[in-house]
Structures are given as C-alpha cells and as structure tokens.
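Please keep the sequence and the structure in view while reading.

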Amino acid sequence: MHIVDVIIPTRNRAAQTAEAVRSVQSQTDERWHLYLVDDASDDGSFETLERLTADDDRITLLRHETVGRAARARQTGFVAGSAEWIATLDSDDLWLPDKLELQLAAAGQHDVVLGWHSWIRADGSVRVTRRPVGQGRVSPLFTANVDVALMRRDLVDRVGGFAGPGALDLVADENIDFFIRLLARADVVVVEQVVALCRDHVGDR
C-alpha cells in the first residue's frame with residue numbers, strides 16, 4: 001500500500017527524466033506510486049518513457065496532448081492520485097535514496113516536511129544553497145523548491161493544488177506562487193539533510 005504519490009512533469013527530455021525516475025525507484029522507503037506526466041513532448045520522449053516504465057506497475061505514465069507547462073502537469077498527476085502524501089520532482093533533478101524515508105519519519109502531525117538541496121553545476125562542482133532549519137513557519141520565498149517538499153494531500157487540495165482554483169497562471173515562477181499558497185497555511189518541519197540534487201544544464205530548467 002503506497003502512502004506517497006510522486007509527480008514528475010516532463011517535456012522533451014527523456015534521458016534526464018529516466019535518471020529522475022531511477023532516483024525514485026531507488027528510494028529506501030518503497031511506499032510510493034509515481035505519476036509521470038508528459039507535457040506534449042514532440043521529440044519521441046513519450047515513446048521512450050513508455051518503454052522505460054512498461055515493466056514497473058508502480059509508475060503511471062500520463063500524457064498531455066497540448067503543452068500545459070509544469071504546474072498543469074503536476075496538477076494532472078495530483079488529480080490522478082489519492083495517497084495521503086504528495087511529493088514532486090523536476091525531471092532534470094534527482095532525489096537521494098533516503099529522501100522519503102527521512103521525511104516520512106519526521107512527518108508526525110506536520111503538514112509539510114522540507115529538506116535541503118544542493119546544486120550540481122555543469123562542471124560537476126557543488127553549490128551549497130541556503131538551508132532552512134527547525135519547524136513552524138518557513139518563508140515561501142526561501143524554500144520554493146519543488147524537489148524537497150513532502151506535503152499532505154488535503155492541504156495541497158485546500159490551497160488550490162498546483163494549477164487549480166486560486167493559482168496564478170504564470171509562464172515562470174509558478175513554484176513561488178504555489179509555495180506562497182501552501183506555506184502560508186502549513187505547519188512545517190525540516191529534515192536538516194540534503195535530500196535532492198538540482199542540476200544545471202543546457203536548455204530550460
């Protein structure tokens with residue numbers, strides 16, 4: 001029985017998405033189901049992802065026929081799932097293997113569990129980011145990273161989801177809009193360990 005719905009939105013980046021999917025498959029806590037949402041890829045990525053996920057019944061591959069951008073793809077995955085907890089991962093980033101295990105252990109009665117992340121530059125060097133600590137209230141402008149949050153479904157639903165009622169229809173910075181809505185109403189706890197790696201690369205992030 002899975003208790004976490006994981007959502008990965010993707011478009012035209014099959015190779016990087018495959019690495020992101022493998023980082024979910026490598027989680028030490030296996031109580032997850034992955035909704036992989038292809039946002040109208042037109043370079044053959046969808047067909048590649050079909051082959052990649054065909055043998056893993058823990059993964060549901062969904063497809064947009066027209067481009068909706070990342071927030072709408074996350075919303076598609078959110079609506080498709082039903083688990084108590086939600087976690088999202090960008091298709092060009094990676095989770096460390098104990099990400100879900102650490103966060104579920106720390107969750108208690110909190111609404112949102114955050115963690116730390118690091119940036120991997122194109123040359124392979126690591127850029128350490130500012131890191132939240134403690135619990136209670138955390139600034140959405142400080143933590144708007146979709147890779148690190150574990151969130152209760154009922155709260156995500158109450159704040160309008162990723163692209164539902166009350167969400168701004170933004171071309172960029174939709175993460176900030178979402179985290180402002182989410183963290184304004186959330187009791188937060190932070191796992192003070194790196195749980196995700198964000199990667200710089202050529203092309204859209």
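The buried residues of helix α2 have a cover that includes β1, α1, β2 (32-39) and β3 (59-64), where helices (H or I, at least four residues) and strands (E, at least two) are DSSP runs, numbered from the N terminus. This is a predicted model, in which local features need pLDDT of at least 70 and side-chain atom pairs count only at pLDDT 80 or more, while totals for chains, interfaces and linings use all residues. Residues are numbered from 1 along each chain as its sequence is written, and side-chain values use heavy atoms, with hydrogens and water left out.

**Helix α2**

- In α2, which spans residues 45-53, the residues S45, F46, L49 and T53 are buried, a term that stands for under 20% relative accessible area, with exposed meaning over 50% and partly exposed in between (1.4 Å probe, protein chains only).
- These residues cover an arc of only 95° around the axis, and therefore lie on the same side of α2; the arc is that of the directions from the helix axis to the C-beta atoms.

**The chain as a whole**

- The secondary structure of the chain comes to 6 helices and 10 strands, and the C-alpha atoms fill a box of roughly 45 × 40 × 35 Å, taken along the principal axes.
- For 205 residues, a compact globule would have a radius of gyration near 17 Å, and the 16 Å of the chain agrees with this; the radius is taken over C-alpha atoms, and the globule rule is 2.2 Å times the number of residues to the power 0.38.
- Of the 205 residues in the chain, 53% are buried, and the accessible surface comes to about 9,400 Å², of which 51% belongs to carbon and sulfur atoms; accessible areas come from the Shrake-Rupley method with a 1.4 Å probe, and for residues only the protein chains shown count as cover.
- Among contacts (heavy atoms within 4.5 Å) between residues at least 6 apart in sequence, 81% join residues at least 24 apart.

**The largest nonpolar core**

- The largest nonpolar core has 46 residues, of which V4, V112, M151 and L182 touch the most other members; such a core is a set of buried Ala, Val, Leu, Ile, Met, Phe, Trp, Tyr and Cys residues joined through side-chain atoms within 4.5 Å.
- Strand β10 (residues 188-199) gives the most to this core, with 6 residues.
- When its neighbours within four places in sequence are left aside, V112 is in contact with L150, M151, L155, L182, L183, A186, D187, V188 and V189.

**Aromatic pairs**

- The structure holds 3 aromatic pairs, where rings of Phe, Tyr and Trp (its six-membered ring) pair if their centres lie within 6.5 Å, and planes under 30 degrees apart count as stacked, over 60 as edge-to-face and the rest as tilted.
- One of the pairs is formed by F78 and F162, which are edge-to-face at 6.1 Å centre to centre, with 80° between the planes.
- This pair links distant parts of the chain, given that F78 is in helix α3 and F162 is in the loop between α5 (153-158) and α6 (174-183), 84 residues apart; both F78 and F162 are buried.
- The rings of F178 and F179 have their centres 5.4 Å apart and their planes at 80°, so this pair is edge-to-face.
- F178 is buried at a relative accessible area of 3%, and F179 is buried at 1%.
- One aromatic cluster is formed by F78, F162, F178 and F179.

**Residues with positive phi**

- N12, a residue other than glycine, has a positive phi near 55°; N12 is found in the loop between β1 (4-10) and α1 (14-25) and is partly exposed, with a relative accessible area of 28%.
- R69, also a residue other than glycine, has a positive phi near 75°; R69 lies in helix α3, which covers residues 69-80, and is partly exposed, with a relative accessible area of 30%.

- W119, in strand β6 (residues 112-120), is buried with a relative accessible area of 16%, and the C-alpha atoms of W119 and D157, 38 residues apart along the chain, are separated by 30 Å.
- R199, in strand β10, is buried with a relative accessible area of 17%, and the C-alpha atoms of R199 and A122, 77 residues apart along the chain, are separated by 7.3 Å.
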